[in-house]
Amino acid sequence: MTPEIKRKIRKKQRLYNRQKNTGKADDKRKFKEMRKAVKRELDNAHNQYVQNLLDIQEPTSEEETSRVTTGRKFWNYVKSMRRENVSIATLKDEVMGQDVTHAQGKAEILSKHFESVFTAEDRDNLPDMSTEQYPSMANFTITTQGIENLLKKVNPQKANGPDLIPSRVLNECAPQIAPYLIIIYNQSLSEHQLPKDWLQANICPVFKKGSRTIAPNYRPMSLICVICKAMEHILYHHIIKDLDQFNILKDYQHGFRKGRSCETQLLITIEEIAKSLDNRSQVDLLVLDFSKAFDTVSHARLLKKLEHYGVDGKVHGWICSWLTNRSQRVTLDGASSNEVNVRSGVLQGTVLVPLMFLIYINDIGENITS
């Protein structure tokens with residue numbers, strides 16, 4: 001990584017930012033040219049580096065030290081390029097008190113852990129909402145062109161879901177597939193039923209922090225059918241449009257919202273603290289972290305809140321089926337755990353999840369006064 005390459009990388013980043021802001025064809029062309037130049041420079045530098053490692057001369061008494069050093073560098077490089085065929089480290093089975101190394105056993109351990117965080121719902125004691133029910137969500141129409149546009153945005157490199165339909169097929173055959181999908185979508189919406197494959201999820205464990213040998217240090221990411229994700233995109237668009245129209249989402253809610261982020265929340269917090277300091281007022285700050293927040297969402301309470309906020313009728317029935325009839329299994333190194341029913345929570349990795357979680361916690365600060 002020479003200074004010249006670093007300089008070109010910085011220039012490439014500047015050109016990328018410029019073409020992203022302006023959208024001009026000439027700026028895009030300059031960025032692509034610089035990107036190719038940087039890649040060419042990196043490839044040449046890497047090839048030269050490897051060639052230097054491979055250029056080991058016959059040892060002599062004077063060259064012995066140099067040979068040893070060069071050989072060590074070569075084998076360090078080979079070691080760094082190795083790709084282990086195991087995605088998850090050895091896991092400790094807390095019940096049996098032993099280490100598990102085979103894929104099937106690790107998948108079962110992770111599956112049992114992910115299942116253990118589900119909460120048992122008290123459906124007979126659901127709290128009443130403190131405000132009057134909002135108007136029902138307006139009707140909407142699913143169009144063939146809209147479905148086609150969504151499929152064309154699908155990343156062909158994405159892995160397929162439980163239906164085993166490749167993303168590349170959906171992307172490249174969007175015009176031919178869209179007319180059939182609109183029939184399936186409308187039928188699914190009107191009957192409040194989803195195909196079995198749409199209700200299944202392959203869980204990919206993602207390491208968070210701590211020891212890699214402990215199952216609780218992994219979080220589940222759901223790999224679901226791309227066709228179902230497209231349907232979720234359609235519902236998301238219409239639900240969020242309705243929520244924005246009636247200003248249902250609280251103004252202090254900055255997560256998962258367009259134009260808002262951790263930074264906007266931080267700016268408001270700093271401003272409030274600064275005003276309090278200027279007024280010589282006391283400032284109390286309480287920071288909470290919800291453990292397994294997405295996995296412990298109560299289905300019955302979420303559905304009740306959806307209905308209260310006007311998400312009723314066909315959409316409510318579809319989401320009810322989408323939430324309550326799900327199953328999941330952990331897939332790991334070619335092995336899969338047994339399927340388990342999803343008793344609570346919203347699956348991380350699906351399109352509707354952030355919105356469903358926002359609705360679920362929307363009234364969390366309703367009775368808090370300053």
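Buried means under 20% relative accessible area, exposed over 50%, and partly exposed in between (1.4 Å probe, protein chains only). This is a predicted model, in which local features need pLDDT of at least 70, side-chain atom pairs count only at pLDDT 80 or more, and totals for chains, interfaces and linings use all residues. Residues are numbered from 1 along each chain as its sequence is written, and side-chain values use heavy atoms, with hydrogens and water left out.

**Stop 1: helix H5**

Select residues 144–152, helix H5 (helices are DSSP runs of H or I, at least four residues, numbered from the N terminus). Show glutamate 148 and lysine 152. They form a salt bridge, with the closest N and O atoms 2.9 Å apart (a side-chain nitrogen of Lys or Arg within 4 Å of a carboxyl oxygen of Asp or Glu). Glutamate 148 is buried at 13%; lysine 152 is partly exposed at 45%.

**Stop 2: helix H2**

Go to residues 25–54, helix H2. Arginine 29 and aspartate 26 meet in a salt bridge (2.5 Å, N to O). They sit three residues apart, about one helical turn.

**Stop 3: helix H6**

Select residues 167–172. Arginine 168 bridges to glutamate 172, closest N and O atoms 3.1 Å apart. Elsewhere, shared partners join Asp26, Arg29, Lys30 and Glu33 into one salt-bridge network.

**Stop 4: H8 against H12**

Show H8 (residues 226–245) and H12 (residues 353–360). Their axes come within 10 Å and cross at roughly 30° (axes are lines fitted to C-alpha atoms, for helices over the stretch in contact; angles run from 0 to 180 degrees between N-to-C directions). Tyr236, Ile239, Ile240 and Leu243 of H8 contact Leu355, Met356 and Ile359 of H12 (heavy atoms within 4.5 Å).

Conventions:
Helices (H or I, at least four residues) and strands (E, at least two) are DSSP runs, numbered from the N terminus.
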